[in-house]
Amino acid sequence: MIQSDTRLQVMWNRLLAVVEEQGQALIRAAFSPIVRECGDISAGIFDAQGRMLTQAVTGTPGHINTMAEAAKTLSAQFAQSEMEPGDIYMTNDPWIASGHLNDFLLMMPVFYRGTVIGYTACTSHLVDLGGLGMGPEGSDIYDEGLLIPPCKLVSKGEVNALLLEIVKANSREPIGNEGDIYALIACCEAGSLRLTQMMQEFGITDLHALSDYIIQTSRRGTLEAIADLPKGTWHHVLKVDGYDEEIELHAALTIAEDHLLLDFDGTAACVGKGINVPLNYATAYSVFALRCIIGADIPNNAGSLDPFRVTGPEGCILNAQSPAPVAMRHTLGQMTPDLVYGCLSQALPDKVPAEGASCMYDLPLRHAPEAVDRGDDLFALELVFNGGTGARPRLDGLSATAFPSGVWGSQVETTEAVAPVLFHRRELKTDSGGAGRFRGGLGQHIELSASKDQDLMLFLSVERIKNPAQGRDGGQDGAPGRITVQPGDRSLPGKGEVRIRSGETLIFETPGGGGFGLPDERSPEAVHNDIRSGLVSSDAAQSLYGKKI
Amino acid sequence: MAIDIGGTFTDTVLLNRDSQIVATTKTPTTAKRPALGALAGATHVLETAGTDWQKVSGFIHGTTLATNALIERRGAATATITTRGFRDILEIAYERRYSQYAIDLVKPDLIVPRTHSLTIGGRMDANGQELEALDETGIALLVAELKALEVEAVAVCLLHSYANPAHELKLRDLLTRHMPDLVISLSHEVSPEAREFDRLCTTIANAYVQPLMAGYLQDFEARFRQLGLACPILMMTAGGGMTTLETASRLPIRLVESGPAGGAVLAARIAEATGEKNVLSFDMGGTTAKLCLIDDFRPQTARKFEISRAERYIRGSGMPVRIPVIEMIEIGAGGGSIASVDRLGRLQVGPHSAGSDPGPAAFGKGGDKPTVTDSDLTLGLIEPGRFAEGRLQVDPDAAQRALAKDIGGPLGLQSDQAAFAVSEIVDESMASAGRMHAVESGKDLSNRVMIAFGGNGPLHATRVARRAQMRRVLIPRDPGVGSAVGFLFAPVSYEVIRSRYAQLDTLDIDGLNQFFASMQAEAEQVVRAGAPDGPLLQRRVAYMRYHGQGHEIEIRLPDRELTTSEIGALKAAFETEYSRQFSRIVPDMTIEVLNWGMSVYSHAPAQAPQSETQNSHPAVPTGRREILCDVSGEWRAAGVFNRPDLPPGATVNGPALIVEAQTTTFVSADFSAAVDGQGNIWLTRHEEAQK
C-alpha cells in the first residue's frame, strides 16, 4: 500500500515545481527590464475555491499575498458556471493586482473532465501603460495610464483582439506590451496543462484532498512558529523622506495565540504624488518581512499566509484609495519591513536586524527631449543600485545588497555598451555602514556622466536622504544617501526629475545600513579587519569604536 | 586509455583500435597524490588486456583536482588588479541575496578579500577606444603592494578588455619585468566576455588554481612518461572537448567539471549511433544526479556555471565562471543522499549525502542515517551479495532499521513503506529537476530518450522516466564508468566566446568577419597543438535576443565569412527558433547580439559499425527476487538476469533486475527491456500503462 500522505507530498512537490517552471518561462519571454533583472513576476496555482496552493519564489516580494488575494477577488467576480475551457481573465487594477498599473494579473480556470478544479494565475510587470509614465508625477490614477478592470482577455482560446489593441494603443511600448501579455497567456496555459497532466498521472479528479493537505500542513507549521513567540502588542513609528515633506508611518503589531495583526493606524494621509501605497502592496512587503523571521521554511500558500493579517485606516498612505496616484508605490512599500521590524524587534530583540537602506536606489536615465532633433543617442536605462542592509543580531550587514527587494544590480560594461553613459567610479563608500557590535552594510559611491556631448534625464524616487537607516540596540545609524551634481556641488532631493548636462558628473551615493549593538562591544579583530580592508577609516574607527588601533 | 579521477573513485578504460572496450577498472582515488591512483588503474587495465605502454596510442585524462582545489580553497594566494575607481567589482557583484527569506545569509566567499584588491589607472570604452592611457607611473606602487601582500598569483581584469586588451597586455609586461615569478591571468584571455563581475571571477578562479594545476600536470606527465607512455597526453575540458597539457596549464579553469562532461559526451555518442535526435542523459552517482539535454547528437552547452556554492544546490550562491561548458543540472540526489523528516512532517531526501564514508546505513561503516541506497535495498532492488562487484558487504537489516527509525517512526510507516516513500520523493525531485531544466531551455522532455548511467542511474531510470513522462530509456554498456568511456570519444577542441555588441539591422559585416577570423586563428592554434593532422571542423554561433530582453538564444551561423545578403537569413533563423520556444515572434522588434562563439574541433573517433539487429527472444531468468513494485505498491516476484549473459535480441519483461558488475538495471513492471546489437539495453514503457 502506498501511504497517502507521501503521495500528497509528492504532489505538493510537483505543484511547487510546476509554478517554478511557469515563473521561469515567464521571465525568459519577458520584455520589461524589471522582469528580466529582478524577476518581478509571480505565478501561482489555486484550488476551485480560489485558495492559493503554491506560488513561485521569484525576485521581489511585491507579489506575496497580493496574488493570493487577487485570485480570490477575480474568481469571486466571475461565475464558475459561465467559465469555459480556454478562458483567461485579466486586470491591472492596482487595488486588485499588485499596487500599480504596470502589473498585469492573468487568471485561468483549469478544467478537468468538464469541471473547474482550480485556477492558475500569473503577474508580470509591463513596460509602459501610457499616462505620464513610470514616475511619481501623476496627481491621480488617471494621470498614470490605462486601467483595465477585471475582464475576459481570452475566450475559449481566442484572444480578445480589441482589448489587446487598446492596451497597445495606450502605450509607448506597444510591441513589448503585446509580447508580455502573450507571455502571461502562455504561462497560464502551461500551468493549466501541467496541472491536468499531474492529475492524470496521479489518478485524481479534483484537488480537494491535496488542497486540504497543503493548507492544513502549512497552517499548522505557521501556528507552531507563532506559538513560540511572546504575546502582546508593540508600536513603532518610522519617519521617511516622502515627496516634498517627511511622512510618519505608524504600526502596531499584535502577536496573538493564533495570528499576527499589523495595524497602520496613525500613519500619515496620502500625498498628491505617486508614492502612495495600496494596502495589498504594503501587506506584501510587511508579511514578507514577518515571514523572514517567523516560519521562513514554509512555502507561501493560503495556509501559511492566513495567520498574517494587515489593516490600516482607509486613505492613509499605506492604504491608499482610488484615485490616489500609486505608480511608485514601491518607494515606500519597501520601507514597510523597517516599520514592521521596529515593532517585532521589541518582541524578539535577538532575531531582528537593524534598519537598512531598504528602498532600491533606482537610477532611470533617458535621453533629453531635444535629443531627437539634435540627432543624439536615444536610449532608456533602468539602472538599479542598492545601499547596505542593516546589521543582523549576530552578523554584519551586507554591503551594496538589495533587501527587502530581490533585484539584481547592473554591470558597468553592459550599461556603457548600450547607452551614452560613462562611469568614473563605483566602489563601496568607506565609513557608510552604521557602527555597532555588528556593523551595518556599506553603501556605494557611484560617479557617472554622459559619454557623448548630450544631456541625460534622471527620474529620482529614492528614500533615506533625510532619514538614514537607524541602528538597533545601541548601534549607530548608517550614512544617509546623497545625490549631487559636479561641478557646483548641487545637492538633489530624493524625488523628481533632474537634467545632467553634458560635462557634468552625477555623484550617486547609496545609504549604509544601521549598526546592531553598542560599538564598544565590537571585537577588536573585527575593527582591525574593517580598517585593513578599508571599510572603516582609521580616524572613524578611533572616534566610533574608541579603541587604540 | 582514458583516466577519470573523481572524488571517490578513479575510473580507467582501455579501448582498442576498433573502439571496443577491452578493459575497465575502478580504483580508489588517492587524494594526496592523485597520479598514484591513476597509475594503479592504468597498470591494472594494461595487465587485464595483456598489453603494454608502448602500444598505447592515445591518452586522455580528466580530473576533479581543479574543482576540488576551488572547493577546498587549496589554491595560491591571489590578488586582483582592476581599473581605478572600480576596486569593488567583486564585493558589489550583482547586489543580491541568493535566498529571499534568509535574514542571516552569508555571501559566497569569492577567494580574494578586499585587502587584496588593487587598482591601476587607465580606461577603455565599450568600443575599445582608449579614453585614458595606462598609468605606467603607478606600476612601482602596485609592485610594492603585491610584494607586501606576498601573493603568488594575480588576476587582472580591466574594464572593456574584451574589446581592447592593450592595457592588460601592457600591464602583464610591466609586472613580469618587476616580478618574473608572479603568475598572471588576464581576463581577456580567460574569458573575453562583457560583464566585469563574471569575467573577474573567472580570472580569479583561473589564477587561483594555476600554480597547483601546472605543477600537477607536470608531475603527472613525468610519471607516465617514465613508464614508457609515448603518445601525447590530452586533457578533458568542461566543454566536452580535449586540449593539450600546455593549454590546460595556462587555462586550468577549463578543466573543472570535466568528469560529468565525459558522461554527456558518451550519451551524445550513443545518441548518434542509435540515431536518437532528442535525448536526456541521466547520470546518477553516489552524491548527485546530473542531467543533460542532447539534441542532434550535441550536448547542450552553456557559457556560465557556478563553482563553490555557499549552498550547493542554490543557484546564485556560488562564484560564476564564464567558460564554455556542457550544461548540466545537478541536484543532490544520489545513492548516499540522506532521508529525513522535517518539522512539518514532510519527508526530505538530500541534498546532504552520507558519501562513501560512513556511507549508507547498510554499509555498516558507522552510518546510521537512511539513504537512497538503503531504500533501494529494502525495496529488494539490490542483491546484497552482488553490490559493487561483490566487494562490499551490505546489510539489508541495518538499512531497514535506519528507515524504520528515522522515517517510519515519525510518519507511522513500516520500513518497506518508508523505503517506498523515499524512492517516491527522490525520483520526483530528479524528474522535476529534469523538467525544469528542459523548460528553462525551451524544450520538452516527453518525446526524449533517457540515456542512463552512473552507479545508480540504471537502478532509478524507469522510476524517474515515468515521472518525467518519458517512454524510452537506454542503458549503455559499462554504465558504471560512463564518464571515462566518454573521454575516449571526445574531439580535440577549443571554443572562444567573445563580446561585440551589434544590432542585426546595422551589422558591420566586414568588421564581424575580421572578428571571427581572429577568434578562428586563436582557436585553431590551440587545437592544432593537440590534433596536428587531419581536417578541422568549426562551428560559429551568435547569441541573439530581441532588444530589451535578457534571455539570449543561440543561433548557428554559417561556418564561413558572412555576406550582407545573409542578414535576412539570420533574422529568419532567429525568428524560427524564437517561435519554436515561445510560440510566436515579435514582428517589429530590433534583434541584437552581444556575444559570438567560435569553436574549432577535430573529428571524433569513428563509430564502430552497427551490428545487425538480432531476432528478439525472451531471456530466461537466473533467479527471482521479491521486490516492492513501484507501480502497484505491492510486493511481487521479479526475474533476475545477468547482463553479460544477455545476448543481442534478448527481451525481458518487468518487473526485473538486470545485474552487472558495477550496477543493476531495474526494469519496472510497466517497462520491458530489449538488448540491441551493440549491447545497449532498451527499456520501453507499455502504452497501456500510461492511461
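How do the axes of helix 1 and helix 5 of chain A cross, and within what distance do they come? Hold on to that one for a moment while I set things up.

What you have above is a predicted model, where local features need pLDDT of at least 70, side-chain atom pairs count only at pLDDT 80 or more, and totals for chains, interfaces and linings use all residues. As for names, residues are numbered from 1 along each chain as its sequence is written, and chains are lettered from A and ligands numbered from 1 in the order in which they are written.

Okay, back to the helices. Helix 1 covers residues 4-29 of chain A and helix 5 covers residues 174-202, and their axes come within 9 Å and cross at roughly 160 degrees. That makes helix 1 of chain A roughly antiparallel to helix 5 of chain A. An axis is a line fitted to C-alpha atoms, for helices over the stretch in contact, and angles run from 0 to 180 degrees between N-to-C directions. Angles under 35 degrees count as roughly parallel, over 145 as roughly antiparallel, 65 to 115 as roughly perpendicular, and the rest as oblique.

Contact here means that the C-beta atoms of two residues, placed from the backbone, lie within 7 Å. Nonpolar is Ala, Val, Leu, Ile, Met, Phe, Trp, Tyr, Cys and Pro; charged is Asp, Glu, Lys and Arg; the others, Gly among them, are polar.

Let's zoom out to the whole of chain A. It has 14 helices and 20 strands. The radius of gyration of chain A is 24 Å, close to the 24 Å that the globule rule gives for 549 residues, so the chain is as compact as a globular protein of that length. That radius is taken over C-alpha atoms, and the rule is 2.2 Å times the number of residues to the power 0.38. The C-alpha atoms of chain A fill a box of roughly 75 × 65 × 40 Å along the principal axes. There are two domains, domain 1 at 4-219 and domain 2 at 353-549, with bounds from an automatic or database domain assignment. Their centres, taken over C-alpha atoms, are 35 Å apart.

Further along chain A there's another helix pair. Helix 13 (residues 524-532) and helix 14 (residues 538-545) pack at an angle of about 155 degrees, with axes 9 Å apart. They are therefore roughly antiparallel to each other, and this crossing is right-handed. A:V527, A:D530 and A:I531 of helix 13 make the contact with A:S538, A:A541 and A:Y545 of helix 14.

Now a quick stop at the backbone. Most residues other than glycine have a negative phi, and most peptide bonds are trans. Chain A has a cis bond joining A:F403 and A:P404, with omega about 5 degrees, and A:P404 sits in the loop between strand 13 (380-385) and helix 12. The bond from A:Q486 to A:P487 is cis too, with omega near -5 degrees. In chain B, B:I111 isn't a glycine, yet has a positive phi of about 80 degrees.

On to chain B, then. This chain has 16 helices and 36 strands, and its C-alpha atoms fill a box of roughly 80 × 60 × 60 Å. Chain B is divided into four domains: domain 1 (1-56), domain 2 (72-212), domain 3 (257-485 + 617-691) and domain 4 (493-602). The centres of domain 2 and domain 3 of chain B are 42 Å apart, and 12 residues of domain 2 are in contact with 14 residues of domain 3.

Last thing: how do the chains meet? 65 residues of chain A are in contact with 57 residues of chain B. Which brings us back to helix 1 of chain A, which gives the most to chain A's side, with 13 residues. Overall that side has 29 nonpolar, 21 polar and 15 charged residues.

Note on methods: Helices (H or I, at least four residues) and strands (E, at least two) are DSSP runs, numbered from the N terminus. A crossing is left-handed if the near helix is turned anticlockwise from the far one by less than a right angle, and right-handed if clockwise.
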